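This report describes one contact between two chains and part of the fold of one of them. The structure is shown first.

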Amino acid sequence: MDNKRVVVTGLGIISPNSGIGKDSFSEAIFNGISGIKPISLFDTSAFKVHTAAEIQDFRAQEILGPQGLRVLDRSARLLCSATLLALQDAGVEIKEDNSRNIGLVAGNTLGSLKSICDFDKVAIKDGPQYVNPSLFPNTVINAQVSHACIRLNIKGFNATISTGFSASLDAINYALNFIKLGRKNIILAGGVEELCMETFLGFHKIGLLAGLKKGSVELSCPFDKRRNGIILGEGSCVLMLEDLESALERNAHIYAEIKGYGTCFEAYHPGQHNSSAAGLKEAMQSALKKAKIKPQEIDYICSGANSTVNLDAMEAKCIKEVFADSFNSLQVSSLKSMIGESFSASGALQVAAAVLAIERQMIPPTINYEEKDESCDLSYVTQARACRVNNAMVNAFGLGSGNSSLIISKFFN
Amino acid sequence: MQDIESEVRNLIAEVLEKDPAEIKADMRLVEDLGMDSLKALEVLVAVEKKYKITIPEEKLPALNTLDATVAIAKEFLAKKENNLSQP
């Protein structure tokens with residue numbers, strides 16, 4: 001199973017700091033452009049915080065055409081668009097003769113929440129008789145991936161991975177296994193989440209958002225002493241993963257190779273992390289082992305830190321323990337300083353950033369890092385930095401015990 | 001009554017993502033205009049909601065043209081008005 005090599009041959013990205021496409025994303029992340037702004041999607045006057053990483057210039061009809069969008073919710077539109085962008089970037093056109101050989105798997109956890117609420121609101125306000133049957137499909141968790149497959153004629157398989165913060169890394173692993181088992185040559189894998197009032201309300205109510213506490217800053221500043229919670233985000237990112245032989249055969253551009261994945265679910269607590277950080281540490285070590293890469297060979301960590309007090313400190317602690325002999329020379333940065341926390345989409349966006357870091361041999365910065373915190377005493381990249389990036393690690397983890405880690409390497413044939 | 005025909009045409013056009021002018025009174029919704037079963041249900045619910053009437057789902061196959069849909073809407077609207085006028 002491990003003989004097959006899996007490479008990245010396409011990137012489809014819609015991100016709050018760059019809008020549409022991988023080129024604008026690349027420009028934005030290496031220039032430290034923030035996508036965090038006052039929210040325009042819904043009224044925030046009843047809330048204590050008012051900003052999020054919202055994609056403000058997203059018009060799906062410009063990517064997908066106008067037909068059939070009426071019954072797609074925002075997250076379905078985001079995923080359909082990112083999937084099409086990945087296919088176009090990879091130069092793959094889906095036709096009848098290849099449609100059964102291509103699959104789509106995406107991480108998604110909260111994406112149907114607004115559709116569920118909207119559907120139920122009509123039932124409560126007007127009566128159950130008057131709910132729109134065409135909007136019911138959006139209320140199920142696999143709606144986004146199914147919509148994308150139907151719209152783009154992807155018949156190989158469709159799957160939704162709903163494991164929260166680590167969902168899109170877990171989706172990439174699902175794709176890796178399919179390709180390594182020889183069941184498919186090409187799989188589109190990624191994640192999606194939409195920003196909506198319902199999700200914002202939930203995170204606001206459980207006290208996870210930055211700026212809720214008196215005197216705290218409403219800012220995404222991972223690892224910084226001022227950090228006090230997340231800035232919620234949204235986005236979609238789909239990578240085309242391909243068996244190396246297939247990629248070489250069609251002379252595809254190869255961005256990077258996926259080398260290893262590790263995961264650990266700690267079954268600890270629904271709303272807390274284990275301060276021993278054993279789960280993330282195990283995920284990171286397992287990914288290194290799978291990739292057959294020594295810790296000192298990792299050049300860059302695209303961190304999952306999201307500006308929460310405990311989780312950022314947990315990752316810093318893990319990095320120090322796993323990279324005991326080499327953490328001083330490691331380059332570490334967190335994309336979430338620019339794009340907020342988009343939950344099941346974050347991991348895929350981080351993977352795209354790591355792939356571009358390898359492609360450009362440059363590290364994207366952690367913006368907003370100003371005040372050092374002793375519990376996160378690593379050296380962070382705060383301005384884009386040109387350097388060797390042969391191997392990168394991406395971490396995804398969160399409250400609720402899930403931890404995943406992925407290793408991406410420069411492609412050498 | 002002309003208003004009902006115009007309103008139902010607009011509802012059908014919205015569901016089918018077509019210009020209302022494209023929906024001719026006797027065109028077959030499935031064969032000529034691409035209606036599917038989910039969209040047909042959507043039209044039924046939209047008509048019910050618009051006129052606050054209840055059309056039994058057994059009537060769904062009969063909603064096969066604009067003319068037929070308007071006739072059914074009028075039939076159940078008349079029943080509703082009749083019920084309201086009963087002492």
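## Surroundings of Val238(A)

Apart from neighbours within four places in sequence, Val238(A) is in contact (heavy atoms within 4.5 Å) with Gly10(A), Leu11(A), Gly12(A), Leu79(A), Ala82(A), Thr83(A), Ala86(A), Leu188(A), Ala189(A) and Gly190(A). The model is predicted: local features need pLDDT of at least 70 and side-chain atom pairs pLDDT 80 or more, whereas totals for chains, interfaces and linings use all residues. Residues are numbered from 1 along each chain as its sequence is written, chains are lettered from A and ligands numbered from 1 in the order in which they are written, and side-chain values use heavy atoms, with hydrogens and water left out.

Val238(A) lies in strand β8 (residues 235-243) of chain A; helices (H or I, at least four residues) and strands (E, at least two) are DSSP runs, numbered from the N terminus. Val238(A) counts as buried because its relative accessibility is 0%, where buried means under 20% relative accessible area, exposed over 50% and partly exposed in between, with a 1.4 Å probe and protein chains only.

## Strand β5 of chain A

Six of the six residues of strand β5(A) (residues 102-107) are buried. Ile102(A), Leu104(A) and Ala106(A) point one way from the strand, and Gly103(A), Val105(A) and Gly107(A) point the other way.

## Contact between chains B and A

The contact takes 13 residues from chain B and 14 residues from chain A. Together the chains bury about 1,100 Å², 46% of it on carbon and sulfur atoms; buried area is the accessible area (1.4 Å probe) that two parts lose on being put together, summed over both. In chain B, Glu17(B), Glu42(B) and Lys49(B) lose the most area to chain A, together 50% of what that side buries.

Two salt bridges are counted between the chains, each a side-chain nitrogen of Lys or Arg within 4 Å of a carboxyl oxygen of Asp or Glu. Lys49(B) forms one with Asp126(A), the closest N and O atoms being 3.2 Å apart. Helices aside, the elements giving two or more residues to the side of chain B that touches chain A are α1 (2-16) and α2 (37-51) of chain B, and α2(B) supplies the largest share, seven residues.
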